[in-house]
Amino acid sequence: HRVVAALARAILDPTLSILSLLFLIRIVLSWYPQYLNKMPYKALALPTEPFLRILRGTVEPIGGVDITPIVWLALCTFFREILIGPQGILTLVATQRMG
């Protein structure tokens, strides 16, 4: 179990970090919608679009503002903490001592 947990941590840690960064960039870009269709901004926003589409049908805009990037950033942060944070499930399993 420890090897599988360590491998999962090794994959999830950078993946969730990159996704969090991309959603943070997308949040900032949403303040400047005129740039979303111009390079290099479009290249930064494009990877988040499939994720955002999933929630756009469920999460309504608030005051005309699409909050789905904020929801995804919160979810990435939550799962990162629960799974690979200092007291995360995978961290505890990967570091448990055999006794």
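A residue is called buried here when its relative accessible area is under 20%, exposed when that area is over 50%, and partly exposed in between, with a 1.4 Å probe and protein chains only. This is a predicted model, in which local features need pLDDT of at least 70 and side-chain atom pairs count only at pLDDT 80 or more, while totals for chains, interfaces and linings use all residues. Residues are numbered from 1 along each chain as its sequence is written, and side-chain values use heavy atoms, with hydrogens and water left out.

- R26 belongs to helix 1, helices being DSSP runs of H or I with at least four residues, numbered from the N terminus.
- R26 counts as buried because its relative accessibility is 9%.
- The side chain of R26 reaches the backbone oxygen of A45 at 3.0 Å, and R26 also touches L36, A45, T48, E49, L52, R56 and P69 when residues up to four places away in sequence are not counted, contact meaning heavy atoms within 4.5 Å.
- S20 also lies in helix 1, and its relative accessibility of 15% is why S20 counts as buried.
- A polar atom of the S20 side chain lies 2.9 Å from the backbone oxygen of L16, and, leaving aside neighbours within four places in sequence, S20 is in contact with L73, C76 and T77.

**Helix 3 against helix 4**

- The axes of helix 3 (residues 49–56) and helix 4 (residues 68–84) come within 9 Å and cross at roughly 105°, where axes are lines fitted to C-alpha atoms over the stretch in contact and angles run from 0 to 180 degrees between N-to-C directions.
- Helix 3 is therefore roughly perpendicular to helix 4, a label given to angles of 65 to 115 degrees.
- Helix 3 makes this contact through F51, L52, I54, L55 and R56, and helix 4 through T68, P69, V71 and W72.
- The residues of this contact divide into seven nonpolar, one polar and one charged.

**The largest nonpolar core**

- The largest nonpolar core has 15 residues, of which F23, W72 and C76 touch the most other members; such a core is a set of buried Ala, Val, Leu, Ile, Met, Phe, Trp, Tyr and Cys residues joined through side-chain atoms within 4.5 Å.
- Helix 1 (2–30), helix 3, helix 4 and helix 5 (89–95) each supply at least two residues of this core, and helix 1 gives the most, with five residues.
- W72 touches F23, F51, L52, I54 and L55, not counting residues up to four places away in sequence.

Notes
Parallel < 35°, antiparallel > 145°, perpendicular 65-115°, else oblique. Nonpolar A, V, L, I, M, F, W, Y, C, P; charged D, E, K, R; others polar. Polar contact = N/O pair within 3.5 Å; in protein donor to acceptor, adjacent residues only side chain to side chain.
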